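Thank you for making time for this; I would like to walk slowly through one structure, stopping at a few places along the way. Please have the sequence and the picture open while I talk.

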Amino acid sequence: MKKIKHMHYQINDKGYYGEFGGAYIPEMLHANIEELRKQYFRIIEQEDFQEEYNDLLSNYVGRPTPLSYARRLSAKYRSNIYLKREDLTHTGAHKINNTVGQILIAKRMGKTRVIAETGAGQHGVAAATVCALMGIKCVVYMGEVDIKRQSQNVTRMKMLGAEVRIVKSGSKTLKDATNEAIRDWINNPIDTYYIIGSVVGPHPYPEMVANFQSVISDEIQKQLKRMEGREFPDKVIACVGGGSNAAGAFYYFLDNKEVELIAVEGEGLGISSGKTAATIRTGEEGVFQGSKTLLMQDQDGQIVEPYSISAGLDYPGVGPLHAHLFKSGRGTYLVATDKEALAAAFELTKLEGIIPALESAHALAALKKIVLLPDDIVVVNLSGRGDKDMEIYSKNGKYE
Amino acid sequence: MSRLKTLFKHKNSNILNIYITAGFPALNETILIVQELEKAGVDIVEIGMPFSDPLADGPTIQASSQKAIENGITLSKIFEQVTEIRKTVQIPLILMGYFNQVLKFGVPQFFSKAREVGIDGLIIPDLPIDVYNNEYASLVDEIDLDLIFLITPQTSNKRIKMIDKLSNGFLYLVSSHSTTGSQQNLQTSQIEYFKRVKTLDLANSSLIGFGISNHDTFTVACKYANGAIIGSAFINAVANSTDLPATIHQFVLSITR
Ligand SMILES: Cc1ncc(COP(=O)(O)O)c(C=O)c1O
């Protein structure tokens with residue numbers, strides 16, 4: 001946590017990474033965002049905050065998560081592949097790193113009600129979890145389509161005491177859940193804290209969520225040092241929905257040009273099919289849900305409804321950090337189809353005994369798409385576990 | 001002098017501004033609706049540019065936007081409709097829409113096109129005032145378009161004064177912490193806020209919007225501001241109308257009596 005405050009990868013004080021970011025919010029949210037910005041930068045400097053955050057990461061979330069050498073996967077791809085095991089965190093995905101941080105901010109700001117959006121349900125579960133832990137009321141917005149395909153997480157959120165509100169507008173997925181959460185915040189600006197789930201939204205959210213996720217690459221550095229005698233890998237691979245697990249896995253390597261940063265978006269049924277969530281590949285510059293970024297839109301500036309088998313990647317925007325990493329050439333942005341992700345999930349399960357989340361399976365699918373040298377040290381961020389996706393996996397066993 | 005400035009010069013109370021989503025209820029009914037609104041004595045019409053993800057809007061305007069998009073509304077269609085409307089209609093017309101569509105069209109191009117077809121002012125709720133001031137304010141001065149910004153109960157006096165300086169046309173007082181269409185009655189805390197703004201001695205006239213839905217709320221709003229803006233209630237009225245001119249005249253009469 002100490003290091004974090006000194007790390008502001010090319011972001012300016014208005015929240016721009018290059019030309020992307022900022023705070024494109026209606027006046028109704030101006031006071032909320034100003035309050036959050038001021039309090040956030042004040043609170044993260046506080047020692048008691050840092051102590052409590054680090055204590056929760058160790059003793060509640062279960063960090064550090066292992067960096068597992070994937071022996072059989074490495075043999076197959078003739079390289080050295082490590083898996084960063086975010087799947088082993090409490091609640092089963094990296095999302096908890098962020099909600100633990102944000103709930104402490106919310107508490108210190110005196111907020112009594114928390115709202116969140118969720119796609120795959122992992123962020124919703126992570127938000128509901130920390131709210132249960134702190135005794136704070138929690139409302140989670142989730143699209144109707146996602147409620148059906150990630151039903152186990154809906155049950156978890158409810159058991160954790162959260163109210164899950166069904167969103168039936170638009171594509172009934174993550175973008176619409178995010179719209180509803182923002183509208184809720186407009187209607188409840190005083191008592192409510194909005195825990196956003198990815199590196200998206202208006203400044204300071206992208207920077208804050210990246211900071212809270214940066215623990216991933218902080219640990220990778222230390223673990224590689226021990227295991228390989230060097231602090232950085234040749235390649236880091238992560239999937240991108242909004243981009244938070246990728247931001248966390250890239251964070252401490254952003255300024256190290258020797259590390260290739262590889263992000264993988266959900267291609268859905270294929271870019272040419274039009275049923276895709278490959279925002280960076282198909283998107284254009286625009287303003288969406290509070291920031292200037294790349295987004296999927298039509299000629300008239302209407303947002304295009306995305307599609308991916310993976311609820312966590314099914315989003316038409318992307319965090320401004322990623323738009324910038326792409327535009328500046330610092331990051332490599334790949335895509336993987338539903339089928340490729342499913343195949344990669346079955347492959348990892350068979351070779352390593354780990355069932356990954358469908359989102360994370362997109363990162364694994366990239367192993368087939370890049371050149372891997374025998375000496376390369378490659379870290380794949382395994383952002384979550386596959387428990388929530390068992391229904392989809394059991395229906396798609398043919399991809400084995 | 002712009003149509004808005006002329007209006008406020010000659011009339012400074014009980015101004016009625018009605019919002020209608022372009023392309024709703026049917027694609028080309030916007031033209032008839034604006035014509036009838038003028039005939040019914042409405043002072044300003046605000047034409048909404050339907051956006052797929054209207055963050056500041058409540059369920060009524062969301063639904064009308066979605067319907068209008070399904071009906072085939074586009075920006076170029078809206079500009080055609082306004083051109084047609086301007087053949088007869090004299091009252092000030094404002095476009096209200098989200099920044100992404102403006103950005104996609106090209107901001108300077110959008111501003112000039114709007115002016116060219118006869119639009120007098122713009123409301124772009126998710127264009128923050130500082131971005132506007134740094135990047136676009138000079139454009140607007142050149143083409144004599146009024147940019148209207150929102151203030152809310154949470155906006156500090158200092159900030160209201162800053163927004164007042166950068167605004168033209170009028171100030172849009174959002175009545176409460178809410179998305180559009182959320183409320184029935186005006187509460188004491190809202191009245192306190194209206195009073196606070198009134199004492200600030202601002203350069204622009206002000207209209208109160210969000211949750212103004214009937215004669216009573218309109219009357220209260222007019223006590224503290226130069227007039228009010230009605231959106232969701234009007235959308236609801238025309239949504240199922242079988243006789244638009246009659247519905248519109250009845251609606252306006254029910255507000256102004
Ligand atoms: C396991 C997992 N990985 C990745 C994501 C995608 O989000 P992000 O791109 O913010 O990491 C999600 C989102 O729900 C997720 O649950």
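In which loop of chain B is the place of B:Ser175? Before I answer, please keep in mind that what we are looking at is a predicted model. B:Ser175 sits in the loop of chain B that runs between β7, residues 170-174, and α9, residues 188-198. Although this residue belongs to a loop, B:Ser175 is buried, with a relative accessible area of 0%. If we leave aside its neighbours within four places in sequence, the residues in contact with B:Ser175 include B:Pro153, B:Leu186, B:Gln190, B:Tyr193 and B:Phe194, and B:Ile208, B:Gly209 and B:Phe210 are in contact with B:Ser175 as well.

Let me go on to another serine of chain B, B:Ser206, which is placed in strand β8, residues 205-209. B:Ser206 is buried, with a relative accessible area of 10%, and, again leaving aside neighbours within four places in sequence, B:Ser206 is in contact with B:Leu171, B:Leu173, B:Ala225, B:Asn226 and B:Gly227. B:Ser206 and B:Ala56 are 150 residues apart in sequence, and from C-alpha to C-alpha they are 20 Å apart in space.

Helix α11 of chain B, residues 232-239, has B:Ser232, B:Ala233, B:Phe234, B:Ile235 and B:Val238 as buried residues. What covers the buried residues of α11(B)? The cover includes the strands β1 (15-21) and β9 (227-230) of chain B, together with the helices α2 (29-39), α3 and α12 (244-256) of that chain.

Let us turn to where the two chains meet. Here 36 residues of chain B are in contact with 36 residues of chain A, and between them the two chains bury about 2,900 Å², with 52% of that on carbon and sulfur atoms. On the side of chain B, the residues that lose the most area to chain A are B:Leu55, B:Lys104 and B:Gln154, which together make up 24% of what that side buries.

How many salt bridges are counted between chain B and chain A? The count is three, and in a salt bridge between B:Arg159 and A:Glu27 the side chains meet at 2.8 Å, N to O. Across this interface there are also 17 residue pairs in polar contact. The elements of chain B that give two or more residues to the side touching chain A are α3 (59-71), α5 (99-105), α7 (129-143), β6 (150-151) and α8 (157-166), and the largest share, five residues, comes from α5(B). By kind, the residues on that side of chain B divide into 18 nonpolar, twelve polar and six charged.

Is A:Gln299 buried or exposed? A:Gln299 is exposed, with a relative accessible area of 67%. The C-alpha atoms of A:Gln299 and A:Met390, which lie 91 residues apart along the chain, are separated by 38 Å.

Notes
Residues numbered from 1 in each chain as written. Chains lettered and ligands numbered in written order. Predicted model: local features only at pLDDT ≥ 70, side-chain atom pairs only at ≥ 80, totals over all residues. Heavy atoms only, no water. Contact = heavy atoms within 4.5 Å. Buried area = accessible area lost by both parts, 1.4 Å probe. Salt bridge = Lys/Arg side-chain N within 4 Å of Asp/Glu carboxyl O. Polar contact = N/O pair within 3.5 Å; in protein donor to acceptor, adjacent residues only side chain to side chain. Helix = DSSP H or I, 4+ residues; strand = E, 2+ residues; numbered from the N terminus. Nonpolar A, V, L, I, M, F, W, Y, C, P; charged D, E, K, R; others polar. Buried < 20%, exposed > 50% of the residue type's maximum accessible area, 1.4 Å probe, protein only.
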